[in-house]
Amino acid sequence: MNQLPLSPSTAVSTWRRYGGRPPILVVIVWVVAFCLPIDAIAKPTDTYSLDGVERIIPAKGKTKCPAVELITYKGNTVKLAPSGRVNEEFAKRLDRFESVLIDVATEIYGRPPKRIRSLGTYNCRRIAAYPTYLSEHGLGNAIDISAFDFGPAKKDQKLPADLPKTLRRSFSVNILKHWDSDRGVGKIHQEFLHTLATRLIERDDIFRVLLGPGFPGHKNHFHFDCSPWRIVNVF
Ligand SMILES: [Zn+2]
């Protein structure tokens, strides 16, 4: 549920917390990595309404979150369960996310999911591993997703010819259970999750930070947000 604003100064101070100074070579590697326009940690080129909001907070004490407008979001084209509180700009990104989700689901299962399972949206808190940074959840600018529920196919629905019979009925695709699945219908669910993640990473107009099972603490969910930086670590 965390994002990683990995600047050299943050990395050095984190190192210090765990004892002593980092070797100079490590510092040089961090600085060079931070300065390169690599996709994993890069500055977005577009603008976003929450870009100017201060994310740096005192490391200790009660977390105070900036006053941002929040709306209740239930999903526009696919139901979000439970519904969440998000900033209006982030709701627009979620709407675009739903359309990518519908496309990928229809390609693989012949129909869109009936429900997106959320583990949380707005939550005023700091990033546990980086206590001087406000979590994007504290701005209503992030979502954690654990699963997708599909209803039964309709009688006249055009389904992929090779879709196993069992997937004509209701089923759920769960990130914890299916991300690494490599047999039976689990393999199809893995393909669905990986294709969805790949399509979302390709888009620069939906999410800027995309974390998933490849990132520590994210075995059971995708974390998507619109931080003023880009970090991609899903696979
Ligand atoms: Zn999160």
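This is a guided tour of one predicted model, stop by stop.

**The whole chain**

Start with everything in view. The chain holds five helices and 12 strands. Of its 235 residues, 32% are buried.

**Confidence**

Colour the chain by pLDDT. The mean is 87, and 83% of the residues reach 70 or more. Then select residues 7-19. Here pLDDT is below 50, and the stretch has 12 contacts in the model beyond near neighbours in sequence. Next select residues 34-40. pLDDT stays under 50 there too, and the model gives this stretch eight contacts beyond four places in sequence.

**A cis peptide bond**

Zoom to Ala81 and Pro82. A cis peptide bond joins them, with omega about -5°. Most peptide bonds are trans. Pro82 sits in the loop between strand S3 (79-81) and strand S4 (84-86).

Select residues 88-109 for helix H3 and residues 184-202 for helix H5. At what angle do H3 and H5 pack? The angle is about 145°, and the axes are 10 Å apart. The crossing of H3 and H5 is right-handed.

Show the side chains at the contact. From H3, pick Phe97, Val100, Leu101, Val104, Ala105 and Ile108. From H5, pick Ile188, Glu191, Phe192, Thr195, Leu196, Arg199 and Leu200. How many residues of the H3 and H5 contact are nonpolar, polar and charged? There are 10 nonpolar, one polar and two charged.

Move to strand S6 (residues 126-127) and strand S7 (residues 130-134). They run antiparallel, joined by two bridges. Click Arg126: its bridge partner in S7 is Leu134.

**A strand covered on both faces**

Select strand S11, residues 222-225. In a regular strand, side chains alternate between the two faces of the sheet. Which residues of S11 lie on each side? Phe222 and Phe224 are on one side, while His223 and Asp225 are on the other. All four are buried, and both faces of S11 are covered.

Strand S8 (residues 142-150) pairs with S11 in the antiparallel sense, over four bridges. Find Ile143, which stands opposite Phe224 in S11. Strand S10 (residues 209-211) also pairs with S11 in the antiparallel sense, over three bridges. There, Val209 stands opposite Asp225.

**Leu159, in a loop**

From S8, follow the chain towards strand S9 (171-174). Leu159 is in the loop between S8 and S9. Why does Leu159 count as partly exposed? It has 14 other C-beta atoms within 10 Å, and a residue is buried only if it has 20 or more and exposed if it has 12 or fewer. Leaving aside neighbours within four places in sequence, Leu159 is in contact with Gly110, Ala153 and Arg168. Select Arg111 as well. Leu159 and Arg111 are 48 residues apart in sequence, yet their C-alpha atoms are 7.7 Å apart.

**Asn174, in strand S9**

Click Asn174, which lies in S9. Asn174 counts as partly exposed because it has 19 C-beta neighbours inside 10 Å. Beyond four places in sequence, its contacts are Ser146 and Ala147.

Ser181 is in the loop between helix H4 (175-178) and H5. Buried or partly exposed? Ser181 is partly exposed, with 17 other C-beta atoms within 10 Å. Not counting residues up to four places away, Ser181 touches Gly186, Lys187, His189 and Gln190. From Ser181 to Glu191 is 10 residues in sequence and 9.0 Å in space, C-alpha to C-alpha.

**Last stop: Asn233**

Finish at Asn233, in strand S12 (residues 230-233). With 18 C-beta neighbours inside 10 Å, Asn233 is partly exposed.

Technical notes: Residues are numbered from 1 along each chain as its sequence is written. This is a predicted model: local features need pLDDT of at least 70, side-chain atom pairs count only at pLDDT 80 or more; totals for chains, interfaces and linings use all residues. Axes are lines fitted to C-alpha atoms, for helices over the stretch in contact, and angles run from 0 to 180 degrees between N-to-C directions. A crossing is left-handed if the near helix is turned anticlockwise from the far one by less than a right angle, and right-handed if clockwise. Two residues are in contact if their C-beta atoms, placed from the backbone, lie within 7 Å. Ala, Val, Leu, Ile, Met, Phe, Trp, Tyr, Cys and Pro count as nonpolar, Asp, Glu, Lys and Arg as charged, and the others, Gly among them, as polar. pLDDT is the predictor's confidence in each residue, from 0 to 100. Two strands pair if DSSP finds at least two bridges between them.
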